[in-house]
Amino acid sequence: MSEHFRVHGGARLAGAVDVIGAKNSVLKLMAAALLAEGTTTITNCPEILDVPFMADVLRSIGCAVDVDGDTVVITTPAELNHQPDAASMGKLRASVCVLGPLVGRCRRAVVALPGGDAIGSRPLDMHQSGLRQLGATSEIEHGSVVAQADTLLGAQIWLDFPSVGATENILMAAVLAEGTTVIDNAAREPEIVDLCTMLTQMGAKIEGAGTSTLTVHGVSSLSPTTHRVIGDRIVGATWAFAAAMTRGDITVRGVDPHHLDLVLDKLRTAGAEVTVNDGKEFRVVMDARPKSVDFVTLPYPGFATDLQPFAIALSAVSDGTSMITENLFESRFRFIEEMTRLSADARTDGHHAVIRGVEKLSSAPVWASDIRAGAGLVLAGLCADGVTEVWDVFHIDRGYPAFVENLNRLGAEVERVD
């Protein structure tokens, strides 16, 4: 048994909360530091478990890494070990993003298949295909991706799906390739833009960040830099849903509201009053029971699959019936099994879920299967009568710094119990 949270139902959350750097960006930025010999400093880092996990991956290939609060300092040597420690790789999914930098710098990588959240299959086919088109060989051998190349040459690469991970790995290999690489149907997430910004600061030549076509003009070497991580839009959206679900009033600072345009529009449709302050903060106020809204997960700028558990949790307490369509990860609906323990009225059919809202949920012990599912269960517990125990909260710690403390500052009663 692990630590768990005791969540007392009936709270109305109100106040302001500060969002720090994006989990889905900082880990890739740490990997990008491998591309340049010397010391790279990354600031505004979230104090979450995945950051020291990623630091262990980098240390295993020869880097010196110092994690001090919201600052990570990475010193990359001239000669890197091309094979990260498999046990460290297995702790988080984002560890696979060292593949592209290692192929770019070392022209060889032996990278164990990564671990991470149990949300469905996430094959590396597109990662490998992109590296092959750049001139590398890439195969799965003994549970690892083995890639190597004498020379990397620019190529025209089409992604069958705008995969964030594949875009990142191909991009980080291409910045040190000879010639020009064009990545079509590339991911457009703000975290991709953040990575492009840091790589450009290091001396990379990249055009089209934030669009579906990235053009990379290879350079012979990069230099270390200092970079500030963008605010975490997923955490920001979590607090927005928390306000809507608890009929609260929360101001969210530190994340660009325009990264959440669709999310905030959905909450307006559900009945919330949403105000945006000049790209710096936003406020969500909900005075009555939310109205039902349909959600469809799609790559950015669509509704993020990471937010699907919150869409389900909101729908579970809304007035009416909602349909949630999951187009990215087939196992995300595992969350619904735990929501039904809390008396949610939910049914699934393939990649659709139908949620009939109830006035109030009922407390029960529930288990987190991934980061966002864990946070979603905590928010659902706030809308239940009695005390809900949420177990396996180490998942939540991987994505939300000071989650319990922030909840309690906003008026919740949540305890962490060993």
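Visitor: Which residue in the hairpin of E11 and E12 takes a positive phi?

Guide: Gly208, with phi near 90 degrees; five residues lie between the strands of that hairpin. The model is predicted: local features need pLDDT of at least 70, side-chain atom pairs count only at pLDDT 80 or more, and totals for chains, interfaces and linings use all residues. Residues are numbered from 1 along each chain as its sequence is written, and side-chain values use heavy atoms, with hydrogens and water left out.

Visitor: How many bridges join E11 to E12?

Guide: Three, and strand E11 (residues 205-207) runs antiparallel to E12. Strands are DSSP runs of E, at least two residues, and helices are runs of H or I, at least four, numbered from the N terminus. Two strands pair if DSSP finds at least two bridges between them.

Visitor: What stands opposite Lys205?

Guide: His217 in E12. E12 (residues 213-217) also pairs with E10 (residues 180-184), antiparallel, over five bridges. There, Ile183 has Leu214 as its bridge partner.

Visitor: Changing topic: how many aromatic pairs are there?

Guide: Six in the whole structure. Rings of Phe, Tyr and Trp (its six-membered ring) pair if their centres lie within 6.5 Å; planes under 30 degrees apart are stacked, over 60 edge-to-face, the rest tilted. One of the pairs is Phe241 with Phe295, tilted, at 6.3 Å and 50 degrees.

Visitor: Where do those two sit in the chain?

Guide: Phe241 is in helix H8 (residues 233-245) and Phe295 in strand E17 (residues 295-296), 54 residues apart.

Visitor: And is Phe241 buried or exposed?

Guide: Buried, because its relative accessibility is 0%; buried means under 20% relative accessible area, exposed over 50%, partly exposed in between (1.4 Å probe, protein chains only).
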